[in-house]
Amino acid sequence: MIFHVSLRSNPMLRKANLALCRAWRSWKLSLHSSTVSASSGPGSGPLDRSEELSFASTDKPPHTPVMLKEVLHYLDIQQGQVVLDMTFGGGGHTKAILSAVPEVTVLALDRDPTAISLAEQLAKEHSGRVKPLLGRFSELEALLSNMNIKPGSVDAVLLDAGCSSMQMDQGERGFSISKDGPLDMRMDGERYPDMPCAADVVNTLDQQALASILTAYGEERHARKIASAIVEARRVDPITRTQQLAGVVAGAFPAAVVYARKDRLHRPAHVATKTFQALRIFVNDELNELHAGLRATRAALRPGGRLCVITFHSLEDRLVKRFLQGDDLSNVDHFSPRKQGFGKDKKEGGSVYWLPLRRKVITPEKDDVKENPRGRSAKLRAALRR
């Protein structure tokens, strides 16, 4: 099992790296003696692919596309164009694009084999118009090259970051607080079985490293308290289930505080929400992958091509905003306030690569949030490739 080496080497993430580097040696030593995996939990065997697809094909849509009207407006897709949908997820955006624009070709990228199975089904329904691509954002350039798609030939890109509703709704995937399941959280664990899962993280890393992860990726104010509770709990029993972890986090606070936090709809939010977010981002290396995906879209889009990026929390949006402004993210700590000055991809007045299609970030309309509450925190940024 190997944690993401790029996390340690990328200067963008150096605030989190200090504690993680100190835990690195103890992590590797512990793996020689014992490995705690989500697969060891009761009832946590691998989910059969037929079960996954039957879930995805029920009457309830596996994914409600976020800000669909806005995406179609800013992408402004024309007949016969090539569009890249990353990530495909449940296929809501791709289906809408296929319905709205005749003879368009959609390249459907996703790192999750379950999502790609859905894309393959859709490809059969739309012969030649949907081309599934199984892989991460960081693998996109190689995938496009293998399909003989040259750099600068894609007309429009939708980059939808984060976790899909389909993944959240399956307790077996380990993303959900409300549904018990193995503490997994890997988006593509089937492709990389040796990739550490969330259970490996909470049961192996030391208290300081855990607190660093919760602070950096969850922006959790009580990171030290929660990390301490996790370390104390795992001394009694390994933490291998999602609701087990949620209970451990809740136990670190008075009962009245467990649902004292409110989401953007002013609804009670579980105190472990940010802990789950932080672990998911860390396990899947999401911020490094997002940065790699943005660089890949810059290479793939033709001059005049359009990019829409949907993010769901401030860490993602901050990274996207700086990228589109031309900041040199290889030398910037994006956890800190933005520094003055120009990056190598920046000129006076903006980026040398991107022209904003709208100056301010776009958020969902009230009616859209009522219809799809999970999209309440979504932010959309749109830009034209210079």
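Strand E2 (105-110) is mostly covered, with six of its six residues buried; buried here means under 20% relative accessible area, exposed over 50%, and partly exposed in between, for a 1.4 Å probe and protein chains only. Helices (H or I, at least four residues) and strands (E, at least two) are DSSP runs, numbered from the N terminus. The model is predicted, so that local features need pLDDT of at least 70 and side-chain atom pairs count only at pLDDT 80 or more, while totals for chains, interfaces and linings use all residues. Residues are numbered from 1 along each chain as its sequence is written, and side-chain values use heavy atoms, with hydrogens and water left out.

Within E2, Thr105, Leu107 and Leu109 point one way, whereas Val106, Ala108 and Asp110 point the other way, and all are buried. On one side of the pairing pattern, strand E1 (residues 82-86) joins E2 in the parallel sense over five bridges; two strands pair if DSSP finds at least two bridges between them. Asp85 has Ala108 of E2 as its bridge partner. E2 also pairs in the parallel sense with strand E3 (residues 130-134), again over five bridges. There, Ala108 has Pro132 of E3 as its bridge partner.

E1, helix H5 (residues 92-100) and E2 form a right-handed β-α-β unit. From E2 the chain then crosses through helix H6 (residues 113-125) to E3, in a β-α-β crossover that is also right-handed. A crossover is given this hand if, with the strands pointing away from the viewer, the path from the first strand over the helix to the second runs clockwise.

The loop between E1 and H5 holds Thr87. The peptide bond that leads from Met86 to Thr87 is cis, with omega near 10°.

Rolling a probe the size of a water molecule over the atoms shows where empty space is left. On a 1 Å grid over the protein atoms alone, a cavity is a set of points where a 1.4 Å probe fits but cannot get out, and lining residues have an atom within 4 Å of a point. Grid points are joined across faces, edges and corners, and a volume is the space filled by probe spheres set on the points. Three cavities of 30 Å³ or more are counted by this rule, and the largest cavity holds about 240 Å³ of space. It is lined by 21 residues, of which Thr87, Arg111, Phe137, Gly162 and Met187 are the closest to its centre. Strand E2, helix H8 (165-169) and helix H14 (286-300) are the elements that give two or more residues to this lining. H14 gives the most, with three residues. By class, the lining of the largest cavity has eight nonpolar, six polar and seven charged residues. In this scheme Ala, Val, Leu, Ile, Met, Phe, Trp, Tyr, Cys and Pro count as nonpolar, Asp, Glu, Lys and Arg as charged, and the others, Gly among them, as polar.

Helix H14 also contains Thr297. Thr297 counts as buried because its relative accessibility is 0%. Leaving aside residues up to four places away in sequence, Thr297 touches Met86, Val157, Leu159, Leu307 and Trp354; a contact means heavy atoms within 4.5 Å.

Strand E7 (residues 301-311) runs antiparallel to E11, and six bridges join the two. In this pairing, Val309 stands opposite Arg381 of E11. Strand E10 (residues 354-356) likewise runs antiparallel to E11, joined by three bridges, and Leu355 has Leu384 of E11 as its bridge partner.

Two loop residues other than glycine have positive phi values. Met67, in the loop between helix H3 (49-56) and helix H4 (68-75), has phi near 45°, and Met67 counts as buried because its relative accessibility is 3%. Glu219, in the loop between helix H10 (207-218) and helix H11 (223-236), has phi of about 50°, and Glu219 is partly exposed, with a relative accessible area of 33%.

Over the whole protein chain there are 16 helices and eleven strands, and 56% of the 386 residues count as buried. Among contacts between residues at least 6 apart in sequence, 71% join residues at least 24 apart.

How values were computed
On a 1 Å grid over the protein atoms alone, a cavity is a set of points where a 1.4 Å probe fits but cannot get out, and a pocket is an open set with protein on both sides within 12 Å along at least five of seven lines; lining residues have an atom within 4 Å of a point.
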